[in-house]
Amino acid sequence: MIDLKAARQEPDRYRAALARRGAGADLDALLAADARWREHTERAESLRAQQKRSSKGKPGPDELAELRGLAAELTAAAEDQAQAAAERDELLARIPNLPDPSAADGMDEADAELVRTWGEPPAFDFEPRDHLDLGSPTGWVDMARGARLSGSRFAYRMGDVALAEMALYRFVLDRLAGKGFLPVLPPILVGERAMYGTGFLPTEESNLYRLEKDDLYLTGTSEVALAGIHMDERLEEEQLPARYVAFTTNFRREAGAAGKDTKGMFRVHQFDKVEMYVYCRPEESAGFHEQLLAHEEELVQALGLPYRVMNIAVGDLGAPAAKKYDIEAWFPAQRRYREITSCSNTTDYQARRLNVRFRRGGKLDFVHTLNGTGATARALLSIMENFQDEHGTVTVPEVLRQYGAPATLGTRPPAAGQS
RNA sequence: GGUGGAGUCGCCUAGUGGCCGAGGGCGCACGCCUCGAAAGCGUGUGAGGGGGCAACCCCUCCGUGGGUUCAAAUCCCACCUCCACCGCCA
């Protein structure tokens, strides 16, 4: 969440910054609710102070009657205060982060700013197939069976594709562990608090799978569990930066994406991902954001995928992000660049909601947090499409082979239960 | 899932309705003492929020949420976590 106290002191600065992403009016509503809350608070607190002063000992009958009246008045005042606080908090929870001045202007995907391009899209002298056309004949990517089992947007990956995908995650995990990220296998069912804290609730509610019976949510990214590691903790300055890399399966309802990317496993309800997460000092977060991007580029370059880096427009950012870079890899069959990684600087937005602070010089301050994709299956899809030949055989990048990936995909079908 | 016990200011702990809206010890910080240190002595020691230019004042927080009461760390209810044992399963 944003710093309400600061917003109160500098409403014009906050309004101008939030207006860039279309939230200026929301801020004004919040400030009005906050003013109401302060009125009620002052009244309730002065009544409570009065009660405390006069209830030091056993009261006489007259006093008792007076105290009963005071208690009733206080109860009413406290109810007003609580209601005003609830109204204020509800508005506050929906205010997005202040955008970074260097985040691109604009309201949607098309307004993203090109940062740089790397590599050359391959030139084919045949019509390149997409990953499903490459994977279906051998049964490595089986959407039909996935749909029969679980509905649309669920994929079976089998045989060499399964091995290659596992190798991809292991490769990325290994590289990032080597850069100082602590590997983590976290819970992926989490309580409401973590979902609010990371900013997925309340704004992304329709995209979350929820287990009603147990009051738990399935996470859409390991960011949630990694952000939760230090929830309510007070870190020592020496513990920063704290860097983690997790592997998790992720779940997204993809509400509102009907008709989008319906073919293959490009956009599915369940996918696996390696994710980086950083806790750092406030003044370091911009630097770490560039560093996360550099790590991501290094990984994509090691795989040999042509890509470009985009600075996402403020209006297209998720609520917690102040700035976001996407890496978009080339997908030959789609003839365009598509997102394969994303890294965000969430500054103190998640830290405030999750109450993660650190001690420096006797003072407590909120940490800054960042997250970035190590790899998802989309990287493998790009590999399949970029490194295919006219026979539908895919050459797997060298770096993945030492992690158990076969040298090529497409030369043998899965062994068991072929149809 | 069942039964029993526990959860207090960094740590340990006192505490059975108003003198605890929180005492003590440890630790930590500063000071005294000392050539220096230790010991000893003294002082201080959390978080969140509101008000004030400020010194400062006020409110909240004893696992969480409700309830009883003029008044709750203390009584009642529910839940959570931990420990022990039992049952079931991996």
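Predicted model: local features only at pLDDT ≥ 70, side-chain atom pairs only at ≥ 80, totals over all residues.

Modeller: Residues are numbered from 1 along each chain as its sequence is written, chains are lettered from A and ligands numbered from 1 in the order in which they are written, and side-chain values use heavy atoms, with hydrogens and water left out.

Biologist: What makes up the secondary structure of chain A, and how many residues count as buried?

Modeller: Chain A has 13 helices and 18 strands; these are DSSP runs numbered from the N terminus, helices being H or I of at least four residues and strands E of at least two. Of its 419 residues, 49% count as buried, where buried means under 20% relative accessible area, exposed over 50% and partly exposed in between, with a 1.4 Å probe and protein chains only. The C-alpha trace spans about 95 × 45 × 40 Å along its principal axes.

Biologist: What makes a group of residues a nonpolar core, and which residues have the most contacts inside the largest one?

Modeller: A nonpolar core is a set of buried Ala, Val, Leu, Ile, Met, Phe, Trp, Tyr and Cys residues joined through side-chain atoms within 4.5 Å. The largest one here has 53 residues, and Leu168, Val172, Leu176, Leu303, Leu400 and Leu409 have the most contacts inside it. Helix H7 (residues 159–177) gives the largest share of this core, nine residues. Not counting residues up to four places away in sequence, Leu168 touches Leu303, Ala375, Thr376, Ala379, Leu380 and Leu400.

Biologist: How do you know that helix H12 is mostly covered?

Modeller: Helix H12 (residues 377–386) has ten of its ten residues buried. Among them are Arg378, Glu385 and Asn386.

Biologist: How do you know that Cys280 and Cys343 are not in a disulfide?

Modeller: A disulfide is a pair of cysteine sulfur atoms within 2.5 Å. The sulfur of Cys280 is 13 Å from the closest cysteine sulfur, in Cys343, and is therefore too far away for a bond. Cys343 is likewise in no disulfide, and a search of the whole structure finds zero disulfides. Cys280 is buried, at a relative accessible area of 0%, and Cys343 is buried at 0%.

Biologist: Why is the pair Lys273 and Glu275 called a salt bridge?

Modeller: A salt bridge is a side-chain nitrogen of Lys or Arg within 4 Å of a carboxyl oxygen of Asp or Glu. The closest N and O atoms of Lys273 and Glu275 are 2.8 Å apart, and the pair forms a salt bridge. Lys273, at 6% relative accessibility, counts as buried, and Glu275 counts as buried at 2%. The structure holds 32 salt bridges.

Biologist: What makes the bridge between Asp232 and Arg193 a tie between separate parts?

Modeller: Their side chains meet at 3.1 Å, N to O. Asp232 lies in the loop between helix H9 (223–228) and strand E8 (234–236) and Arg193 in helix H8 (residues 192–197), so the pair ties together parts that are 39 residues apart in sequence.

Biologist: What is the area buried between domain 1 and domain 2?

Modeller: Domain bounds come from an automatic or database domain assignment, which for chain A gives domain 1 (4–94) and domain 2 (109–409). Buried area is the accessible area (1.4 Å probe) that two parts lose on being put together, summed over both. Between these domains the value is about 590 Å², of which carbon and sulfur atoms give 48%. The count of salt bridges between domain 1 and domain 2 is zero.

Note on methods:
Contact = heavy atoms within 4.5 Å.
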